Amino acid sequence: MLKKSLGLLLSLVAGVIIVGCAGSDSTSPAASASSADAPAGDAIELLNVSYDPTRELWKSLNEAFTAKQKAAGKNVSIKQSHGGSGSQARAVIDGLDADVVTLAMWADTDQLRKKGLIREGWEDALPNRSLPYTSTIVFVVRKGNPRNIRKWSDLTGADIEIVTPNPKTSGNGKLAFLAAWGSVINAGGTEDDARKFVTQLYKQVPVLDTAARGATTTFAQKGIGDVHLTWENEAHLEIEESKGELEIVFPEVSILAEPCVALVDVNVDRKKTRSVAQEYLEFLYTPEGQAVIAKHFYRPSNPEVLAANAAAFPVISLFPVTKVAANWDDAQTRFFADGAEFDRIYEGDR
Amino acid sequence: MTISKSSRTRKSRSPLPGFGPSLAVTISWLTILLFVPLLALVAKSMSLTPEEFLRAAWSDRARAAYTLTFTAAAISAAVDVVLGLLFAWVIVRYSFPGRVLLDTIVDLPFALPTAVAGLVYSTLYVKSGWYGRFLVPLGIEGAYSRFAIVLILIFLGLPFVVRTVQPLLASLEGEIEEAAACLGASRWQTFLRVILPSLMPALYTGFALAFARGLGEYGSIIFVSTNIPFKSEIAPYLIYSRLEDYKYEEATAIAVVLLVGSISTLMIINWLEARNRRYAR
């Protein structure tokens, strides 16, 4: 009880501090931005709220963007925030002062629209359906691929242990689930076949981590599992860190992940940062921004930049979400809502 | 005459000054920090209809999570009582080099971020870890199992028992034991009949604190548990995953059940302690 009340006390104090900071945060840029198009050297600060494994990508992109702004005589700084895609969306809904959101899942961004923070039709506000890059789910295996895992159907082989984060709490987890499901549909299987396949697959998952990085640690550092289902970009990072202990395997088919970017309309209007934030997101589509994106192993939406980096991106037949559901929203409801497909996997083996 | 009168009035008043203001501060802080947040929690969950509340908070999956949470907290608190008594005994009764250091280290679980504790434990007990390479071949899974949850909770709850027992043990005078010995008690009898009964209140309190700590723990457990529904999913994790679905009300419903469960358990422990004190008299 003592500890509980202490915890509550701390969380309340933390809450007060956060509210205090948020308050001061929102006033200072607003004050400075009221003279938005005013003389050079006027500092503007943007907050980009993103998902878990994009730390390195945004660090590079932010450096490139602020340097470009500086050359144009504008003083812009960008703060980043990372975490599970769903919890990040929740933080923005609960008052985190994000100027832009760059989340893993379309449904998480759209949740902000449902709460009135983002305008209707946000998807069409930027080129290519607000997708400066796409990505997918690939396999990471131990050196020499001892279990000979090449395609999705190899995953459910005897005694193979699979590491992937929890779809309930992680974008990586959701996409891995949808990719596995879609791989069956794509090969001509029925929904029942798909259900059987993913049920078996998740029976062979020894640990459900909460987010992408946690699963990477479990697989790479703690040596649990034979194969890790992860973001393509995260896989490259993981291999680089492992110094030859791990290998990447590109399955023939996988899901087309669509991590959209969007302005948080309510926040940019209040903070008067709309024009800079818009410029920031448009920068992602420039050849310069696209090159940085490709360098971090996200698939650039500009076909020329993609072609120039073809060696880094082996051809995978990427199926859209419409292969497994009507749209991302429907996928969320059908597979990951309370009591939906994912939950039923575990209801079955009680 | 005046002197005796003034001494009498002073006697009738509390020795501590400022009872009124201090009570006012206490009550208002408790209200702001404890009652209102708890009230808000209950109020939020009340926006569900009774059927929705039941479906959210009393599903098979939620019940499995409560069972695991309460059982793991109870087992680890019980182990902590035994271990904590031993630790306190060693620190209070013996003098040896490094005693002060040991006394300090006991508090470490208080200070350590629990996520760090969870990471360290899981790294040690996986099959490639320092302990795991010996234990896993014997079938002892100290990471990614229910046992792992108990193990980490023992670690986190230990200082509660040590710190509640230690001052009481230090205040027990050696004469009492000498008297028991003079009256013909064996060392074991002295411990069981003389020392242990006087330590019981502290042991109950230590158990209650360690238990409550275990119920609410989240940060370390998600690193050592496999978080599989029905098997190793703790109630706080279930709350977190409901929040991820933007299901705030359902999450608070589970929290309310957890709260009611922990308050009733703590009340039972307090009652046991009070009864024990009555019998001891």
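Hi everyone, let's start at one residue. Leaving aside residues up to four places away in sequence, A:Arg299 touches A:Tyr133, A:Thr134, A:Ser135, A:Leu306 and A:Phe313. Before I go on, please keep in mind that this is a predicted model.

So where does this arginine sit? A:Arg299 is part of strand E11 of chain A, which covers residues 299–300. Is A:Arg299 buried or exposed? A:Arg299 counts as buried because 22 other C-beta atoms lie within 10 Å, and the cut-off for buried is 20 or more. For a sense of distance, take A:Gly121: A:Arg299 and A:Gly121 are 178 residues apart in sequence, and their C-alpha atoms are 24 Å apart in space.

Now let's step back to the domains. Chain A is assigned domain 1, made of 2–134 + 258–312, and domain 2, made of 137–255 + 320–348. Where they meet, 14 residues of domain 1 of chain A are in contact with 16 residues of domain 2 of chain A. On the domain 1 side, helix H3 (85–93) and helix H4 (106–114) of chain A are the elements that give two or more residues. H4(A) gives the most to that side, with 3 residues. If you like to think in residue classes, that side of domain 1 has 8 nonpolar, 4 polar and 2 charged residues.

Next, a sheet in chain A. This open sheet has 4 strands in the order E2-E1-E3-E10, and the pairing is mixed. Which strands stand at the edges? Those are strand E2 (75–81) and strand E10 (261–263) of chain A; each has a single partner strand, so one side of each is left without a neighbour in the sheet. On average, neighbouring strands here are turned by 20° against each other, direction ignored.

Looking at one pair in detail, strand E1 (residues 43–50) of chain A runs parallel to E2(A), with 7 bridges between them. One you can find on screen links A:Ala43 to its bridge partner in E2(A), A:Asn75. Helix H2 (residues 55–71) of chain A packs on the sheet and touches E1 and E2 of chain A. The direction of this helix makes about 170° with that of E2(A).

Last stop, the two chains together. Their contact takes 27 residues from chain B and 27 residues from chain A. On the chain B side, helix H2 (19–45), helix H7 (114–125), helix H11 (187–216) and helix H13 (235–244) each supply at least two residues. By class, the chain B side splits into 15 nonpolar, 7 polar and 5 charged residues.

Conventions:
Residues numbered from 1 in each chain as written. Chains lettered and ligands numbered in written order. Predicted model: local features only at pLDDT ≥ 70, side-chain atom pairs only at ≥ 80, totals over all residues. Contact = placed C-beta atoms within 7 Å. Nonpolar A, V, L, I, M, F, W, Y, C, P; charged D, E, K, R; others polar. Buried ≥ 20, exposed ≤ 12 C-beta atoms within 10 Å, placed from the backbone. Domains from an automatic or database assignment. Pairing = 2+ DSSP bridges. Axes fitted to C-alpha atoms, helices over the stretch in contact; angles between N-to-C directions.
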